[in-house]
Amino acid sequence: MKNSSIKVGVIADQTGPLSFVGIANANLARMVINDINARGGLLGRHLELFLEDSATIDSVAEAKATKLVQHDNVDVILGGIYSSTRQAIKGPAVDKGKKLYIYPEQYEGQECDPLIFCTGPVPAQQVDPFIPWLMQHTGAKRFYLPSADYIWPQVMNKRVREVVTANGGTIVGEEYFPLDHADYGETIEKITSSGAEVVFNFTVPPGVVPFLEQLHASGFTERGGQIVCTYFDENFLNMVPATHVEGLYSCLDYYQAVGDPFSQSLLARYDRLYPGAAKFTAGSACSGLYRGLKLWEDAVTRAGSLRQEDVIEALEHAKIAEGPGGPAEMVPGQHHVRMNMYIARAHNGQFNIVKNLGVIDPKESNVPHVAESDRMRAVS
């Protein structure tokens, strides 16, 4: 079928606790696919979007990935927010389906599979540059780490501990909670009694809302405390009262305040097409999904083929001259992206950029070849 469509599968949390960001990802996928088709598609073929709702439930994401591979026979799969969702998609899509999978969210790093490419920031791009800047900028040295109980916060906290202690600081508390935990009274007391100067938050929706409310009520920031949440973006700011996150620091690859012409025009076009609460942002993976789709487009164009081996080889060297937050390129061998990074601070319900960190490498491990990876899977 020479002129058959190219099938692109996208899994987004369009319902459930992450729907306010999943809807934005779904919008973004439609926009980019429509743009590519308006220019004639790829390799002279129309792109067909298969958009699935994972409902913020990992078992649903797993089932949708199975459908995309076995029933729809898509050429590539993108999506997932929580790291546990990435793992749920990975099983049927990569381990069983041997399908190219692009994960767009900022995450804990260490994903190392020849069929997986990651297009969001990792610890070397968030934690490593941010913590030394914060400690120097504020003088803070005592950190408390309230966290959701799954892989992303657990791995991120190890990196936070390493960087804080390497810069002369101390971790005075580290706790883990179910994602929907709501009563943080004991934790707030521990934060207060520990003398923590920084709350480095890794709680997530829905539990992050009551945590921030209770932390604010305790007077933590009024006493000079600093709140950090590296995934927070404009969608997350809209989820809570502005007073609860006043002064909160974040570190991402894009904010709506980034002033380069392309970023501004992209945001304006998204807002025209999709007015409403689900904004184009970075922490909710819109920037990573845009980057993933455009880098994949570049790879297919370079390869001149949809043969997966050819696309993967080309994707190793894919780059885009323009994107949200600036240009981006895949680091050969690492399957992660070199990109611009920014530190921002919340004020009156908006993020203001306080530091342009410039282009930062992901510094991830080199990915094994397909044959080596298959051998490792067989052994395990």
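## Cavities, a pocket and a parallel sheet

The largest cavity has a volume of about 130 Å³. This is a predicted model, in which local features need pLDDT of at least 70, side-chain atom pairs count only at pLDDT 80 or more, and totals for chains, interfaces and linings use all residues. Residues are numbered from 1 along each chain as its sequence is written, and side-chain values use heavy atoms, with hydrogens and water left out.

A cavity is a set of points, on a 1 Å grid over the protein atoms alone, where a 1.4 Å probe fits but cannot get out. A pocket is an open set with protein on both sides within 12 Å along at least five of seven lines. Lining residues have an atom within 4 Å of a point. Points are joined across faces, edges and corners, and a volume is the space filled by probe spheres set on them.

The count comes to 2 cavities of 30 Å³ or more. Fifteen residues is the lining of the largest cavity; Ile81, Tyr82, Glu105, Gln106 and Tyr150 lie nearest its centre. The second largest cavity is lined by Val10, Ile11, Ala12, Asn25, Gly79, Gly80, Ile81, Pro104 and Leu289. Strand S1 gives the largest share of that lining, 3 residues.

The second largest pocket is lined by 13 residues, and closest to its centre are Asn73, Val74, Asp75, Lys99 and Leu306.

In the table, Ala, Val, Leu, Ile, Met, Phe, Trp, Tyr, Cys and Pro count as nonpolar, Asp, Glu, Lys and Arg as charged, and the others, Gly among them, as polar.

| Space | Volume | Lining by class |
|---|---|---|
| Largest cavity | about 130 Å³ | 11 nonpolar, 3 polar, 1 charged residues |
| Second largest cavity | about 30 Å³ | 6 nonpolar, 3 polar, no charged residues |
| Second largest pocket | about 180 Å³ | 5 nonpolar, 4 polar, 4 charged residues |

**The sheet**

Helices (H or I, at least four residues) and strands (E, at least two) are DSSP runs, numbered from the N terminus. Two strands pair if DSSP finds at least two bridges between them.

Five strands form an open sheet in the order S2-S1-S3-S4-S5, with parallel pairing. S2 (47-53) and S5 (116-118) stand at the edges with a single partner strand each, so one side of each has no neighbour in the sheet. Neighbouring strands are turned by 20 degrees against each other on average, direction ignored. Axes are lines fitted to C-alpha atoms, for helices over the stretch in contact (heavy atoms within 4.5 Å). Angles run from 0 to 180 degrees between N-to-C directions.

S1 (residues 6-12) pairs with S2 in the parallel sense over 7 bridges. Val8 has Leu49 of S2 as its bridge partner. Helix H3 (residues 83-96) lies across S1, S3 (76-79), S4 (101-103) and S5, running at about 175 degrees to S4.
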